[in-house]
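This report is written for a reader new to the structure. Please keep the sequence and the 3D view at hand while reading.

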Amino acid sequence: MIEVDKLSKRFRLTKKQKREMGVDGASPYIWPVKEISFSCRPGRVFTLLGPNGAGKTTTLRLIATMLKPTEGSIKVAGLDTQREPRKVRARIGFLTGTTGLYGRLTPDEIIRYYADLNGIGREAFIKNRQRLFDLLDIHPFAGRRIAKLSTGMRQKVSIARTMIHDPEVVVFDEPTTGLDVITARAIIELIRRCREEGKTVIFSTHIMGEVSLLSDDLAIIHKGRLLYNGSFTDFSAQCQSRTIEDEFIRLVQEA
Amino acid sequence: MKKTAIIFRKELKDTLRDRRTLVVMIVIPLLLFPILMSISTTIMVKQRKEAEVKELKLALIRNDNAAGFLDVLQKHEKIKLITDIPEKAMSDAIREERIDFGLVFAKNFDEVVASRAPGTVRFYLKSSRETDLTARRIRAIMDDFKENLLSARLDEMELDRQVFEVLAIDKHDIVTAKERIGEAIGGLLPYIFVIFCFVGAMYPAIDLAAGEKERGTIETLLASPATRMEIVLGKFGVVFLTGLFSAGMSILGLYIALQQTSGIPEDLLSALIKIIDIKSILMTFSLLIPLCIFFAAILLSISIFAHTFKEAQSIMTPMNILVIVPVFIGLFPGFKLTAVTALIPILNVSLATREIIAGGIKPLLLAEVFLSLMAIAFLSLLFCTRWFRKESVIFRAG
């Protein structure tokens with residue numbers, strides 16, 4: 001379960017950053033996320049949809065405790081992210097489309113590293129490793145260095161690394177960005193599997209196809225504010241445009 | 001701290017698999033001195049041998065004087081006498097390398113010498129380091145000739161040579177060979193290991209922070225249960241260790257170079273080996289540890305700030321100068337370790353090492369250097385850990 005309540009985040013910009021980002025005004029601050037509230041429930045996929053620069057990544061980084069909220073609060077699995085960030089992180093799996101791996105290590109070493117960081121016991125590690133390596137077919141290249149692996153193989157290792165501690169909440173930040181169709185499909189399958197296993201899943205995207213393919217719940221974010229928050233079924237039902245994509249564009253343009 | 005150890009182990013393994021780091025950390029410091037010393041001594045020995053066997057072309061104008069000089073010349077080998085070059089042409093002949101030296105005895109040379117005054121000889125040469133060795137041979141000839149003339153004059157005057165020896169100095173120089181060499185080259189040693197300490201820590205520092213950002217692995221690490229403090233300490237430990245190891249390798253390389261290189265004069269070699277004794281090494285390393293902490297923390301802070309590997313490298317490379325300058329200042333003879341200079345980082349290590357090698361460092365000053373370095377090391381590490389907690393640094397836009 002993720003509960004986001006009146007969440008805001010403020011960043012201070014340098015003059016150079018303001019110029020480059022085209023931010024007007026005398027204030028050195030920007031609010032990439034402003035007073036947003038939503039909740040993600042276990043066994044459901046929550047999609048955070050928005051154009052580039054809408055505040056998706058900032059929101060997910062706040063949930064994963066990489067950033068601290070300026071205002072508002074977040075609870076993950078009942079734990080406050082500001083009070084107990086370490087415990088929150090132990091319950092989260094985090095994956096992005098641009099996630100890299102350590103080129104000089106092997107898949108086995110990387111999985112072991114993240115398992116150790118998450119403090120999982122030997123027995124749980126052996127069991128989880130076996131399950132993930134079987135599922136993702138990692139065994140044939142488990143001892144080869146990451147630098148020698150294909151993009152698809154690397155993405156499988158990224159998935160295994162994210163899931164090795166069997167997190168109850170999984171955060172995907174634009175997980176298919178830059179991936180080929182086959183690898184992207186593996187990620188989609190992973191998200192579905194997480195839902196089936198009763199995990200809380202939140203993923204951000206700007207790809208409409210993924211929204212209709214996976215979403216149970218949907219939030220549309222633009223310039224740091226939520227334009228829609230509800231179930232995907234309701235969104236489709238109250239759609240005023242011809243397609244979901246048109247509706248999304250209409251909402252963004254009207255905002 | 002368990003997570004710090006996990007991160008440290010992983011980063012160390014990752015770093016030790018990086019060829020570039022291994023080359024900078026082990027290969028260069030270990031091989032640089034053996035190679036440099038081997039090349040320089042080989043060239044020196046070769047030049048000396050060539051100078052000894054080279055046929056000297058000596059242009060001579062006697063003006064019918066100094067007949068004894070020809071007798072002296074005959075006693076020396078490999079001298080080619082040229083008598084057809086006029087004095088006006090001698091300078092050009094030397095420049096064009098047709099001759100090595102020119103000697104012109106004054107027209108009244110014999111007459112002046114007979115009157116017990118000094119006879120004039122004009123000596124043409126082109127002094128350079130290269131001709132120094134050959135010039136020694138011509139000077140030996142001149143000394144022989146001078147000795148002959150002086151002996152003849154003393155005999156003629158029926159004087160004993162001892163009449164001119166009015167002072168018998170019995171010199172007792174209390175400076176030991178170790179002190180003398182420590183003073184002369186002691187400043188060079190920190191020049192070597194301080195720079196290797198910095199350069200050795202540089203690449204791992206870049207790779208472990210800016211490299212992590214560039215690869216996109218930083219987010220997954222930050223999303224793990226490890227705290228920022230544990231992450232930065234794990235990384236810092238590896239950067240510190242590589243810097244220290246690199247400095248250690250440079251000293252080992254120097255030791256190997258001294259043991260392996262032939263051609264170094266025996267007395268100099270034994271003094272040099274005495275310098276690199278266990279006590280001096282341990283004292284020097286005690287100063288290197290806080291210095292390495294300081295370097296590692298500063299380099300890691302820069303790397304954390306940088307967005308990419310290239311950006312970190314472009315900031316750190318000019319910093320080499322900031323390291324070299326204080327070490328270089330420490331080479332000047334006028335600079336001594338005092339209560340004030342003991343507080344200036346890097347310069348204090350340079351000056352203290354010189355005094356450790358010379359065997360005359362005052363324990364209080366050594367303690368001051370160590371404590372001031374520990375203080376700056378602690379502050380820089382504190383800065384580094386706080387820096388790593390700053391969101392604006394970690395997620396700084398490119």
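## Contacts and overall form of chain A

In this predicted model, 73% of the contacts in chain A between residues at least 6 apart in sequence join residues at least 24 apart. The chain contains ten helices and ten strands.

The C-alpha trace of chain A spans about 55 × 40 × 35 Å along its principal axes. A compact globule with 255 residues would have a radius of gyration near 18 Å, and the 19 Å of chain A agrees with this. Of the 255 residues of chain A, 42% count as buried.

## Domains of chain A

Chain A is divided into two domains: domain 1 covers 2–91 + 168–179 + 187–254, and domain 2 covers 101–166. Their C-alpha centres lie 27 Å apart.

The contact between these domains of chain A takes four residues from domain 1 and five residues from domain 2. On the side of domain 1 of chain A that touches domain 2 of chain A, there are four nonpolar residues, with no polar and no charged ones.

## Domains of chain B

Chain B is also described by two domains, with domain 1 given as 2–38 + 177–394 and domain 2 as 56–164. In chain B, the C-alpha centres of domain 1 and domain 2 lie 56 Å apart.

## The contact between the chains

Chain B places 20 residues in contact with 25 residues of chain A. Three helices of chain B, namely H1 (2–16), H9 (218–222) and H16 (391–394), each supply at least two residues of the side that touches chain A. The largest share of this side of chain B comes from H1(B), with four residues.

Sorted by class, the side of chain B that touches chain A consists of six nonpolar, six polar and eight charged residues.

## A four-stranded sheet in chain B

Chain B has an open sheet of four strands in the order S2-S1-S3-S4, with mixed pairing. Strand S2 (79–82) and strand S4 (121–124) of chain B stand at the edges and have a single partner strand each, so one side of each is left without a neighbour in the sheet. On average, neighbouring strands of this sheet are turned by 25 degrees against each other, direction ignored.

Strand S3 of chain B, residues 101–105, pairs with S4(B) in the antiparallel sense over four bridges. Within S4(B), B:Val121 is the bridge partner of B:Phe105.

## Two residues with positive phi

Most residues other than glycine have a negative phi. A:Thr65 is not a glycine, yet its phi is positive, at about 65 degrees. This residue lies in the loop between helix H2 (56–63) and strand S4 (71–76) of chain A. Is A:Thr65 buried or exposed? A:Thr65 has 24 other C-beta atoms within 10 Å, and 20 or more make a residue buried, so A:Thr65 is buried.

B:Lys78, also a residue other than glycine, has a positive phi near 55 degrees. B:Lys78 is found in the loop between helix H3 (67–75) and S2 of chain B. With 10 other C-beta atoms within 10 Å, B:Lys78 is exposed, because the cut-off for an exposed residue is 12 or fewer.

Definitions and conventions: Residues are numbered from 1 along each chain as its sequence is written. Chains are lettered from A and ligands numbered from 1 in the order in which they are written. This is a predicted model: local features need pLDDT of at least 70, side-chain atom pairs count only at pLDDT 80 or more; totals for chains, interfaces and linings use all residues. Domain bounds come from an automatic or database domain assignment. Two residues are in contact if their C-beta atoms, placed from the backbone, lie within 7 Å. Ala, Val, Leu, Ile, Met, Phe, Trp, Tyr, Cys and Pro count as nonpolar, Asp, Glu, Lys and Arg as charged, and the others, Gly among them, as polar. Two strands pair if DSSP finds at least two bridges between them. Axes are lines fitted to C-alpha atoms, for helices over the stretch in contact, and angles run from 0 to 180 degrees between N-to-C directions. The radius of gyration is taken over C-alpha atoms; the globule rule is 2.2 Å times the number of residues to the power 0.38.
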